[in-house]
Amino acid sequence: MNTVILDFDGTIADTRSLIVKTMQQTIATLGLPERTDDQCAEMIGLPLRQSFADLIPMDDETADKCDTTYRELFHINNKPGIVKLFPMVSETIQEMYAMGLVIAIASSRGHDTLDTFLHEMGLSRYISYIVSAQDVECAKPAPDMVYKVIEHCDAAKNNVIVVGDTIFDIDMGKNAGVKTCGVTYGNGKEEELQSADYVIDNFSKLLDIV
């Protein structure tokens with residue numbers, strides 16, 4: 001492997017509590033049917049608008065309101081330092097960078113928060129390319145993000161691996177015809193990750209794969 005495509009939420013950083021809290025506030029603000037925290041967490045990894053539409057049956061206008069309301073509330077809730085890196089993420093990314101690997105990010109999160117998080121966490125210098133849902137016509141689990149990384153980085157498919165915590169990440173990689181690795185400490189269900197080529201319980205174990 002010489003090109004590693006990483007998911008962000010639930011793979012690099014622990015954003016679950018922040019996301020779920022903001023989703024629940026959005027649902028309450030708009031008077032929508034209640035959902036559990038676990039049901040909200042299952043949507044993490046999808047584009048924001050789609051996550052609400054899949055969570056609660058709604059029309060396009062309501063989905064747009066969810067998108068707007070969530071972004072406003074997220075800005076309020078996202079206090080400095082509230083989002084933490086998972087163990088060994090920074091060290092492993094630095095090691096892969098030192099090995100000469102190309103490291104890219106493929107996230108359903110928008111550039112407005114994604115780029116800021118990576119900068120604040122001191123990871124930007126190690127990342128060659130960032131793709132968000134805003135950059136492609138079809139987001140996860142469609143293969144578009146992977147194709148965009150492959151094109152930009154001039155990578156060969158058989159040298160690329162997608163690393164993520166949900167079935168959306170694994171299916172994206174499989175749909176693109178590249179290797180996949182699931183991490184069990186994030187937001188996804190461990191049984192859903194078994195379709196990946198590799199499954200790890202600590203980010204540092206990625207070094208044994210690449």
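Reader: Why is Thr-184 called partly exposed?

Author: Happy to start there. The model is a predicted one, where local features need pLDDT of at least 70, side-chain atom pairs count only at pLDDT 80 or more, and totals for chains, interfaces and linings use all residues. Residues are numbered from 1 along each chain as its sequence is written, and side-chain values use heavy atoms, with hydrogens and water left out. Thr-184 has a relative accessible area of 23%; buried means under 20%, exposed over 50%, and partly exposed in between (1.4 Å probe, protein chains only). Thr-184 is therefore partly exposed.

Reader: Where is Thr-184 found, and what is Thr-184 in contact with, leaving aside neighbours within four places in sequence?

Author: Thr-184 lies in the loop between β7 (179-183) and β8 (198-200); strands are DSSP runs of E with at least two residues, helices are runs of H or I with at least four, and both are numbered from the N terminus. Beyond those neighbours, Thr-184 is in contact (heavy atoms within 4.5 Å) with Glu-190, Leu-193, Val-199, Ile-200 and Asp-201.

Reader: What makes α1 and α4 oblique to each other?

Author: The axes of α1 (residues 16-29) and α4 (residues 60-77) cross at roughly 130 degrees and come within 9 Å. Axes are lines fitted to C-alpha atoms, for helices over the stretch in contact, with angles from 0 to 180 degrees between N-to-C directions. Under 35 degrees counts as roughly parallel, over 145 as roughly antiparallel, 65 to 115 as roughly perpendicular, and the rest as oblique. α1 and α4 are therefore oblique to each other.

Reader: How many nonpolar, polar and charged residues does that contact have?

Author: The contact of α1 with α4 has seven nonpolar, six polar and one charged residues. Here Ala, Val, Leu, Ile, Met, Phe, Trp, Tyr, Cys and Pro count as nonpolar, Asp, Glu, Lys and Arg as charged, and the others, Gly among them, as polar.

Reader: And why are α3 and α4 called oblique?

Author: Helix α3 (residues 48-55) packs with α4 at an angle of about 125 degrees, their axes 9 Å apart. By the cut-offs above, α3 and α4 are therefore oblique to each other.

Reader: How do you know that the buried residues of α6 are on the same side?

Author: In α6 (residues 111-120), the buried residues are Thr-113, Leu-114, Phe-117 and Leu-118. They cover an arc of only 125 degrees around the axis, which puts them on the same side of α6; the arc is that of the directions from the helix axis to the C-beta atoms. The face turned away from that buried side carries the exposed residues His-119 and Glu-120.
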